[in-house]
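Hi everyone, thanks for coming. Please have a look at the sequence and the model on the screen, and then we'll walk through them together.

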Amino acid sequence: MTYDEIVTLLNTDPLAQELLAAPIPARLAYKALDGSPRAIPISYHWDGGHFYISTPPKWPKIKALRADPRVAFTVDDATSYPPHNLLVRGEVTDMTLVAGLPDVYLAASRRIVGEEQFPTWVERRARFIKEMMVIQITPTFVKLIDFVSSYPGPASESLPTRSETAA
């Protein structure tokens, strides 16, 4: 799947749109400096071409992502049945230090915190966050799983793929 195909899928597929708009954090996986795997919940923002996460600039994941920019994450509603999953692999393609609370951090957090609590949340964060590292992730692989028309693992000859059922 090419980058353009990935972007088109994420920007047009109803399931992708549903998951990207949901108040669900991503579960980000990366390799720590000691070589061991890490998986963390984190808010994210999709701008139509890249994913963005933000973090304090001195946190360990910054050095780890500079050493190995490959990441994977999932966004899923695993508490419902059938579960819906968005699986993404990608590469960190930019890291930018931003003063205050970055716009992409606010957009990501607004979705998770909710409109009602958002003003208070921003006020509290602004008191102690003076700068953040904005991390841009370019997707290199995407898979949507709905357990109705698409399934994890290799496609079975007897089970349709998501693209076959959409046709």
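Strands here are DSSP runs of E with at least two residues, helices are runs of H or I with at least four, and both are numbered from the N terminus. Two strands count as paired if DSSP finds at least two bridges between them.

A word on where this comes from: the model is predicted, so local features need pLDDT of at least 70 and side-chain atom pairs pLDDT 80 or more, while totals for chains, interfaces and linings use all residues. Residues are numbered from 1 along each chain as its sequence is written, and side-chain values use heavy atoms, leaving out hydrogens and water.

Now step back. The protein has 6 helices and 7 strands. The 7 strands make an open sheet, in the order E2-E1-E5-E6-E7-E4-E3, with antiparallel pairing. Which strands stand at the edges? They are E2 (37–42) and E3 (45–46); each has a single partner strand, so one side of each has no neighbour in the sheet.

Next, E5. Strand E1 (residues 26–31) is joined to E5 by 3 bridges, antiparallel, and leucine 28 has phenylalanine 73 of E5 as its bridge partner. E5 also pairs with E6, again antiparallel, over 7 bridges; there, valine 75 is partnered with leucine 86 of E6. Is E5 mostly covered or mostly exposed? Mostly covered: 5 of its 7 residues are buried, where buried means under 20% relative accessible area, with a 1.4 Å probe and protein chains only. For the whole protein of 167 residues, 42% count as buried.

Finally, a helix pair. Helix H4 (residues 103–113) packs with helix H5 (residues 118–128) at an angle of about 135°, and their axes are 10 Å apart. Axes are lines fitted to C-alpha atoms, for helices over the stretch in contact, and angles between N-to-C directions run from 0 to 180 degrees. H4 and H5 are therefore oblique to each other: under 35 degrees is roughly parallel, over 145 roughly antiparallel, 65 to 115 roughly perpendicular, and the rest oblique.

Note on methods: Buried < 20%, exposed > 50% of the residue type's maximum accessible area, 1.4 Å probe, protein only.
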